[in-house]
Amino acid sequence: MKINLSSIPVDDQEKALRFYTEKLGFQPKHDIPMGKHRWITLVSPEDPNGPELCLEPDEHPAVKPFKSALVEDGIPFTSFAVKDIAAEHKRLESLGVRFTQPPVDYGPVTAAVLDDTCGNLIQIAEGTMQ
Amino acid sequence: MDEVCRAIADPTRRAILDELVDRDGQSLFELCARLTLKHGIGSSRQAISQHLEVLQSAGLVRVEREGRYKFHWFHGEPLEEITRRWPTRTQGESDA
């Protein structure tokens, strides 16, 4: 078994597609109409055949309160790996991305948390937990 | 005074204050991550929340909402009461 897909619940698929491609820099992989929504997945340009991120509508009534509670406490929904967190932080801030946590050096890993404008916080991290 | 002394009598609560002095205005997530990874404090998020409530009632931490986020800020004023009550004497002052 392997992990090929991970989903993130977004409040607006079109807005999410713009944020995740134009700001974060991911590439669209699939964009298939599915009734009133779309099946949208993205990949990293550093790993175009790697795991896909699915931008999933957050329509279920339980999802929004869950997302708000996470955001209130600053808890990221998921985490992405970056090579140079200081440079990424600077680049994204210059694009107007809001960070709830600037890069913090925890020792083995340095991590920051940003707002994806679609109701989630996202962690970006340099280094790995050993 | 009792509340302030009780609040700073606990090492986890002192570590929380240390981390807020390092960077003020943190989310609960950031504080918990710092406590776990920098201090080896493996307490649950709920336990840290309770510590923060003790610090809040002692007036040492304030929680401010900023839109959808909630941040914690350090307030050192209650500690000044301690140094006012037991001031450090400069040399020779005690003989006066």
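**The interface between chain A and chain B**

Between chain A and chain B, seven residue pairs are in polar contact, both residues being at pLDDT 80 or more; a polar contact is a pair of N or O atoms within 3.5 Å, where within protein one must be able to donate a hydrogen and the other to accept it, and residues adjacent in sequence count only if both atoms are side-chain atoms. The model is predicted, so local features need pLDDT of at least 70 and side-chain atom pairs count only at pLDDT 80 or more, while totals for chains, interfaces and linings use all residues. Residues are numbered from 1 along each chain as its sequence is written, chains are lettered from A and ligands numbered from 1 in the order in which they are written, and side-chain values use heavy atoms, with hydrogens and water left out.

On the side of chain A that touches chain B, at least two residues each come from helix H2 (63-72), strand E6 (99-105), strand E7 (109-115) and strand E8 (121-127) of chain A; helices (H or I, at least four residues) and strands (E, at least two) are DSSP runs, numbered from the N terminus. E6(A) supplies the largest share of this side, five residues. Sorted by class, the side comprises nine nonpolar, six polar and five charged residues. Here Ala, Val, Leu, Ile, Met, Phe, Trp, Tyr, Cys and Pro count as nonpolar, Asp, Glu, Lys and Arg as charged, and the others, Gly among them, as polar.

The two chains bury about 1600 Å² between them, with 57% of it on carbon and sulfur atoms; buried area is the accessible area (1.4 Å probe) that two parts lose on being put together, summed over both. In chain A, the residues that lose the most area to chain B are A:Glu72, A:Asp73 and A:Tyr106, together 35% of what that side buries.

Charged pairs also link the chains. There are four salt bridges between chain A and chain B, a salt bridge being a side-chain nitrogen of Lys or Arg within 4 Å of a carboxyl oxygen of Asp or Glu. A:Glu72 is joined to B:Arg65 by a salt bridge (2.9 Å, N to O).

**Helix packing within chain B**

The axes of helix H2 (residues 11-22) and helix H4 (residues 45-57) of chain B come within 10 Å and cross at roughly 80 degrees. Axes are lines fitted to C-alpha atoms, for helices over the stretch in contact, and angles run from 0 to 180 degrees between N-to-C directions. H2(B) and H4(B) are therefore roughly perpendicular to each other, the term for angles of 65 to 115 degrees.

Note on methods
Parallel < 35°, antiparallel > 145°, perpendicular 65-115°, else oblique.
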